[in-house]
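Me: I'd like to go through this one with you, strands to begin with and then the aromatic rings. Could you take it step by step?

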Amino acid sequence: MSREREKEEKKTSLYLDRFEGDLAVLYFGEEPDNMQKIHLPRACVPEDVADGDYLTLSVQLDAEKTQQAEAEALSLLADDKEKEDGNA
């Protein structure tokens, strides 16, 4: 199944509150009283950041990997179907 999808990029601002071991504790949201907390592995943030820094998170569709995963899943389903048909 081939799908053409726009490669829209979404960006959001994150506030680095602190590090807890190997995790970065970050907050995002528009309203200071209604911010959401997320944890990311420390390895996912730049090494030179510190508590109180603001970061930009960018998220974009990886259409190539999505298509590869879809093709692999369809192949596995076809293999299972063949095995089922052979045992029927």
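Reply: Bearing in mind that this is a predicted model, I would begin with E1 and strand E2 (residues 23–28), which run antiparallel and are joined by five bridges.

Me: Ok, and which residue stands opposite Leu-23 in E2?

Reply: That is Glu-20, which stands opposite Leu-23. Between the strands of this E1 and E2 hairpin there are two residues, and Gly-21 takes a positive phi near 60°.

Me: What about E2 and strand E3, in which sense do they pair?

Reply: E2 and strand E3, the latter covering residues 36–41, pair in the antiparallel sense, with six bridges between them. Across that pairing, Lys-37 in E3 has Tyr-27 standing opposite.

Me: Switching to rings, how many aromatic pairs does the structure hold?

Reply: It holds one aromatic pair. The partners are Tyr-15 and Tyr-54, in a tilted arrangement with 5.1 Å centre to centre and 55° between the planes.

Me: And what does the pair tie together?

Reply: Tyr-15 belongs to strand E1 (residues 9–20) and Tyr-54 to strand E4 (residues 54–60), so the pair ties together parts that are 39 residues apart in sequence.

Me: Tyr-54, buried or exposed?

Reply: Tyr-54 counts as exposed, at 59% relative accessibility, whereas Tyr-15 is partly exposed, with a relative accessible area of 26%.

Me: One more on rings: what sits over the ring of Phe-19?

Reply: The charged end of Arg-42 does, placed 3.7 Å from the centre of the Phe-19 ring.

Notes: Residues numbered from 1 in each chain as written. Predicted model: local features only at pLDDT ≥ 70, side-chain atom pairs only at ≥ 80, totals over all residues. Heavy atoms only, no water. Phe/Tyr/Trp six-rings, centres within 6.5 Å; stacked < 30°, edge-to-face > 60°. Helix = DSSP H or I, 4+ residues; strand = E, 2+ residues; numbered from the N terminus. Buried < 20%, exposed > 50% of the residue type's maximum accessible area, 1.4 Å probe, protein only. Lys NZ or Arg CZ within 6 Å of the ring centre and 35° of its normal. Pairing = 2+ DSSP bridges.
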